[in-house]
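Hello,

Here is the structure I promised to pass on to you. Have a look at it first, and then read on for what was found in it.

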Amino acid sequence: MKDILIRTAKRTGIINAEALGAYLEKNTGDGRRIDETLLESPDFTEDAVLRLFAEALGMEYYPDLRASDVPKEFIDSVPAAYAQHHYLIGIRPNGDAEMTVVMSNPLNTGVIDNISKMLAQPVRSGLSSRAAITAAIDIAYEQKDMVIEEVAEELDSQNLDQLVDEATTSDDLLDVVNRPPVIRLVNDILFRAMQMRASDVHVHPYESKLQIRYRIDGLLYDSLTLNRNVIPLVISRIKVMAGMDIAERRMPQDGRCSVRLGQREIDLRVSTVPTSYGERAVLRILDKSTGLLTLDQLGLWKEDRKIFEKNINRTHGVIFVTGPTGSGKSTTLYACLNQIDAVQKNVMTIEDPIEYQLGGISQMQVSPKKGMTFINALRHVLRQDPDVIMVGEVRDEETANMAIQSSLTGHLVFSTLHTNDAAGAISRLLDFGVEPYLVSSSLIAVLAQRLVRRICPDCKGPYTPTEQELEEMEYKPVEGDAFFSGPGCDKCFGTGYRGRIGIYELMVITEDIREMVYLKETAGAIKKKALARGMHTLRMDGTRKAAGGVTTVAEVLRVTQSDTM
């Protein structure tokens, strides 16, 4: 089998043949089947290994599985626990006469024989990832309801203290076999969140129920409704995972942990607060495997991107990215830092929290409890001979003054502010008490931003905006406009949207704007001057993207404010 795999790797290029040969040579004789050895390797992804076996064995590889393709006879004949334990599911795509049993272990032929006996019919083999198979099992067997019932039944007999002993720091969400029901339930909640591309999970107790809600593309959706009897179990399990005190129920707590989804490593930031109906938890999901976005991927208009790139390569000055919480400011700052050559320049960041690790860059975590505030960290960073400094957020006069003074002494400083538009950043700095001459001499650009949802590519269709919508956007259609919308489909969970993109308002500080800042002109007057200089507002940029078929008119109107001043 080893030689067949290496020859297949050479022929197809799915996996580097030399790396494969070296790994197999190093791990021969460990007593495991060759597929088990390769699937547990950190050097190769599960997807690549399964594709290689599919090519070598002449089997079909299924990147996605539809629960609707699972025939009723399979569900009736094969117990859910057996399917879960061996990671397999039977499908009949396109109404095929012969059933295909899709599994994640290519050489586990014994289970295929067992399935054939259970079904009393011949079957053929296929391959798919554990995540895809578990998702299909989850829906086809309606595992959610079974787990909820089990948790309710075992509530009285469940010993919460045992949860501490059973918890690990990095659970695999796909490992649901022989786990206590509450652990399976929480794993199921998190697994569904990953399936649905959720950024946050809200565990919200009510008087008569426990509501699980997912934030997808910025909006909250109700997902699961559980009996309120499971509230203490679910919250305790989440606290155990995040290393929090399960005995403390009257004070807010924060924690963090990592979980795995197959070979994907997921970071969870957990917050709990006491409410009148029990403790409420919110879990922020950070998927390390998604990678950082580049400036090209952010969605900046071509002309704006050229101007912005020119400014982020300046040797000194301050650049602010502004917007409300959850508008993608940190993602933009990371994209800026990735654009800077960290080999030739000393780049340092001060963050709260550090969301992603950046190669070649020194990142500091703020810890107010230990006296490490933004201002204290910034003082120490300035002694480290930095060229570029990123301050996670300017929250007060002291930090604002220090950031601006840093730029005046020859550093390029990036930071964020919570303002509605670009011109508002200047007013905010002046409100902090920063002297106008310092703001006008140090500030080089302000980028305001929001996130709008992208139209789902699978259900995207032409759309004609109403007169009222066009009037509200203050836009007159021109030739070449292509408005679209999405009615909703299975791929986007019926929302009509999938993914998000930024809309931006880039204000470059020109000489006449500097003069206005020095004279303490209003934000409205500064914005008018920037518009006269060619700046596009958030609504204008959103309208451009709606007319280009990227997002919808309704989404632009939801996220942006009128430009009337």
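Which residue is the bridge partner of V101 in β4? The partner is S125. Before you read further, please keep in mind that this is a predicted model.

β3 covers residues 99-103, and five of its five residues are buried, so the strand is largely enclosed by the rest of the structure. In a regular strand the side chains alternate between the two faces of the sheet. In β3 both faces are covered: M99, V101 and M103 are buried on one side, and T100 and V102 are buried on the other.

β3 also has strands to pair with. Strand β2, residues 88-91, runs antiparallel to β3, and four bridges join the two. Here G90 has V101 as its bridge partner in β3. Strand β4, residues 123-127, runs parallel to β3 and is joined to it by five bridges. So that you can find the spot in the viewer, look for V101 with G90 as a partner and S125 as a partner.

Seven strands make up an open sheet with mixed pairing, and their order is β14-β13-β15-β16-β12-β17-β20. At the edges are β14 (362-365) and β20 (497-508), each of which pairs on one side only. From one strand to the next, the twist averages 20°.

Two strands of this sheet deserve a visit. One is β13, residues 347-351, which runs parallel to β14 and is joined to it by four bridges. Within that pair, M348 stands opposite S362 of β14. T349 is also in β13. Is T349 buried or exposed? Its relative accessibility is 0%, and a residue under 20% counts as buried, so T349 is buried. The side chain of T349 makes a polar contact with the side chain of E351, at 2.6 Å. Leaving aside residues up to four places away in sequence, T349 touches L337, I361, S362, Q363, M364 and M390.

The other is β16, residues 412-417, where you will find L412. L412 is buried as well, with a relative accessible area of 0%. I312 is 100 residues from L412 along the chain, yet their C-alpha atoms are separated by 8.1 Å. I312 is among the residues that L412 touches when residues up to four places away in sequence are not counted; the others are N311, R314, T315, H316, G317, I319, D387, V388, I389 and I444.

Now for the helices. Two packed helices are described by the angle between their axes and the distance between the axes. Helix α1 (residues 2-12) and helix α2 (residues 17-27) pack at an angle of about 160°, and their axes are 8 Å apart. The two are therefore roughly antiparallel to each other, and their crossing is right-handed. On the α1 side the contact is made by K2, L5, I6, A9 and K10, and on the α2 side by A17, L20, G21, L24 and E25.

What is the angle between α21 and α22? Helix α21 (residues 511-518) and helix α22 (residues 523-532) pack at about 175°, with 10 Å between their axes. That makes α21 roughly antiparallel to α22. D512, I513, M516 and V517 of α21 meet A525, I526, K529 and A530 of α22 in this contact.

Helix α18, residues 422-432, is worth a look for its two ends. D421 caps the N-terminal end, with a side-chain oxygen 2.8 Å from the backbone nitrogen of G424. After the helix comes G433, whose phi is positive, near 105°. The buried residues of α18 are A422, A423, G424, A425, I426, L429 and F432.

One last stop is F191, in helix α11 (residues 181-195). At 3% relative accessibility, F191 counts as buried. F191 and I375 are 184 residues apart in sequence, and from C-alpha to C-alpha they are 39 Å apart in space.

Enjoy exploring, and write back with any questions.

Best wishes

Terms used
Residues numbered from 1 in each chain as written. Predicted model: local features only at pLDDT ≥ 70, side-chain atom pairs only at ≥ 80, totals over all residues. Heavy atoms only, no water. Pairing = 2+ DSSP bridges. Axes fitted to C-alpha atoms, helices over the stretch in contact; angles between N-to-C directions. Buried < 20%, exposed > 50% of the residue type's maximum accessible area, 1.4 Å probe, protein only. Polar contact = N/O pair within 3.5 Å; in protein donor to acceptor, adjacent residues only side chain to side chain. Contact = heavy atoms within 4.5 Å. Parallel < 35°, antiparallel > 145°, perpendicular 65-115°, else oblique. Left-handed = near helix turned anticlockwise from the far one by under 90°.
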